[in-house]
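Student: I'd like a close look at how the pieces of this model sit against one another. Could you walk me through one contact and then carry on from there?

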Amino acid sequence: MQLQLSELHQFEAGGNPFVYLVPSGGIFALDDLSRRTIEVLKQRPREAVDLLEELVAGGAGREQARNCIEELVATRALEPAGGRQAAVDEAPAAFPLQTLVINLTNQCNLSCQYCYEFGEDKVATPEGKPKFMEFETAKQSVDFLFAEAGSRKQVHITFFGGETLMNFPLLKRIVDYSRQEAAQRGVAIDYSLTTNATLLRPEIIEYLSENAIGVTVSMDGPKELNDQLRVFANGKGSYDIIVPKVKELLRQHRTRPIAARVTLTSGVRDVIGIFRHLKEEIGFHEVGFAPVTTSPNRLYAIGEKGLDDVLAQFEQLAYEYRDYALRGELHGFSNVSDTLSELHQGISKSHPCGAGLGLLGVGPSGDISPCHRFVDSDTHKLGHVSEGLDREKQQEFLKHGHIHAKYDCHSCWARPLCAGGCYHEAFVRYGDTGHANLHYCDWIRGWTDLCLRIYGEIATQNPGFLKHFDQRKAA
Ligand code: SF4
Ligand code: SF4
């Protein structure tokens, strides 16, 4: 049998060689002999017997060399020449729903200039639709979630807006109703929400804590940065209003970690300063960052140079994360945790995220969308909660977004985690949800390589820390 290298990415962690196997998402440390085997096969494919003889001629014992080849074949680092297979299968036709993102309202009391819902790049067409969800629609949404969850024993509801807390009474009714329904079905349910924090009050905080509702606060760092774009309609910044409320939230909500979510823009790029402020001065448990989703010509878009600067700061924080992890401590930079979690679970994606698959969004009107970023958009509607999913449209969306359809990605070693990137970003940038986010490739590969190196170091020096990623789901 002729053997060749399968698709793999080599990297070093703490001075030790590793490989990341693209078809399986596996990560392996290499001993001297397996590294030599890979180097030999890098030159050209070999008959297995010739490979064995070459390793023996290089000083390896015959039995040792045979075991090494067998192990590399078993782990799929080596494969029969010409026998390359597709990395992932087609998405199953009926995938059980796990998470429903319910947009309680499309109204917001802030006017953040980069908002994907209201800003210049918005995809929503809310005209003539309800601004606030009615209880009847909410009930239908919950029924829809359970009906689509199939035999899942755990489901999740995320509350979203607009500003989520502008419809807090409905949130409480949904929790009551869905909890009853879940108990009757013997299904576990949990909840989370995203908020701009302006409307937090002691009784709301108490309710969120009592009901173990996870909270993510959208906030962009210290006052001078946060208030650049996170403003009220009159242009006034939101920082002074939200900080006392966030501090109260962090003091009183003891049942779930509280996260901050930062949107990076051309003028808000001091990643390290923002992290220090939100984590150490304000006290968030986790802080995650994402560059703004926008057309490249907007003033607040981050250009290529800006992205390099952001990645360099991400790198610095990621190494800090590693040092914490090696001491067994949690650091709180959630971008690293999310990627390590996917690497640890050996994820190899057919689609970039769960949108349209295990996750769906529902808008105030009851229209179903692939995720919260597409709610209220007629173009992206996948049905209505009173009638169910439009399977044909769902399949069309998933087929279009499948990694098989993204030719640019087929030879990319980072595709098991990236799979072409966010559909919403692709739509805003290229007008097509199925387009690969090619403007981010260097960033994605640089980031994935960095996280692989950190993963390798943790796996070698403090493997017990990786238990944190057994359950964690990327945000
Ligand atoms: S979008 Fe770029 S980084 Fe992502 S899988 Fe495709 S080619 Fe790779
Ligand atoms: S990655 Fe993009 S498409 Fe996927 S759920 Fe998030 S916003 Fe939606």
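This is a predicted model: local features need pLDDT of at least 70, side-chain atom pairs count only at pLDDT 80 or more; totals for chains, interfaces and linings use all residues.

Student: At what angle do helix H6 (residues 202-210) and helix H8 (residues 239-252) pack, and how far apart are their axes?

Tutor: H6 and H8 pack at an angle of about 35°, and their axes are 10 Å apart. The crossing of these two helices is right-handed. On the H6 side, the contact is made by Pro202, Ile205, Glu206 and Ser209, while H8 brings Glu248, Leu249 and Gln252. Sorted by class, the residues of this H6-H8 contact come out as 3 nonpolar, 2 polar and 2 charged.

Now for the helix contacts around H3. Helix H2 (residues 48-57) packs with H3 at an angle of about 130°, their axes 9 Å apart. H2 and H3 are therefore oblique to each other. Their crossing is right-handed. H2 makes the contact through Ala48, Leu51, Leu52, Leu55 and Val56, and H3 answers with Arg62, Ala65, Arg66 and Ile69. By class, that contact of H2 with H3 has 7 nonpolar residues, no polar ones and 2 charged ones.

Helix H1 (residues 32-43) also meets H3 (residues 62-74): their axes come within 10 Å and cross at roughly 70°. That angle makes H1 roughly perpendicular to H3. The crossing of H1 and H3 is right-handed. Here Leu33, Ser34 and Thr37 of H1 meet Gln64, Ala65, Cys68, Ile69 and Leu72 of H3. The class count for H1 against H3 is 5 nonpolar, 3 polar and no charged residues.

On to the strands, starting with an open sheet of 3 strands in the order S2-S3-S4, where the pairing is antiparallel. Strand S2 (8-13) and strand S4 (27-29) stand at the edges with a single partner strand each, so one side of each has no neighbour in the sheet. From one strand to the next, the twist averages 25°. S2 pairs with strand S3 (residues 16-21) in the antiparallel sense, over 6 bridges. To line that pair up on screen, find Gln10, which stands opposite Val19 in S3. In a regular strand, side chains alternate between the two faces of the sheet.

Strand S1 (residues 2-5) has pairings of its own. With strand S5 (residues 46-47), S1 pairs in the antiparallel sense over 2 bridges, and Leu3 stands opposite Arg46 in S5. With strand S6 (residues 78-80), S1 again pairs in the antiparallel sense, over 3 bridges. In that pairing Gln4 has Glu79 of S6 as its bridge partner.

Another open sheet has 8 strands with mixed pairing, and the order is S12-S11-S10-S9-S8-S7-S13-S14. Its edge strands are strand S12 (286-291) and strand S14 (368-369), each pairing on one side only. Inside that order, strand S8 (residues 154-160) and strand S9 (residues 188-195) run parallel and are joined by 6 bridges. Gln154 stands opposite Ala188 in S9. Helix H5 (residues 168-185) packs on this sheet and touches strand S7 (99-103), S8 and S9. The direction of H5 makes about 165° with that of S9.

Last stop, the ligands. There are 14 residues around ligand 1, of which Cys409, Cys412, Arg415, Cys418 and Cys441 come nearest. Helix H13 (415-418) and helix H15 (441-461) each supply at least two residues of that shell, and H15 gives the most, with 3 residues. By class, the shell around ligand 1 divides into 8 nonpolar, 3 polar and 3 charged residues.

Around ligand 2 you'll find Cys353, Ala355, Cys371, Arg373, Cys422, Tyr423 and His424. The class count for the ligand 2 shell is 5 nonpolar, 1 polar and 1 charged.

Definitions and conventions: Residues are numbered from 1 along each chain as its sequence is written. Chains are lettered from A and ligands numbered from 1 in the order in which they are written. Two strands pair if DSSP finds at least two bridges between them. Helices (H or I, at least four residues) and strands (E, at least two) are DSSP runs, numbered from the N terminus. Axes are lines fitted to C-alpha atoms, for helices over the stretch in contact, and angles run from 0 to 180 degrees between N-to-C directions. Angles under 35 degrees count as roughly parallel, over 145 as roughly antiparallel, 65 to 115 as roughly perpendicular and the rest as oblique. A crossing is left-handed if the near helix is turned anticlockwise from the far one by less than a right angle, and right-handed if clockwise. Two residues are in contact if their C-beta atoms, placed from the backbone, lie within 7 Å. Ala, Val, Leu, Ile, Met, Phe, Trp, Tyr, Cys and Pro count as nonpolar, Asp, Glu, Lys and Arg as charged, and the others, Gly among them, as polar. A residue is near a molecule or strand if its C-beta atom, placed from the backbone, lies within 6 Å of it.
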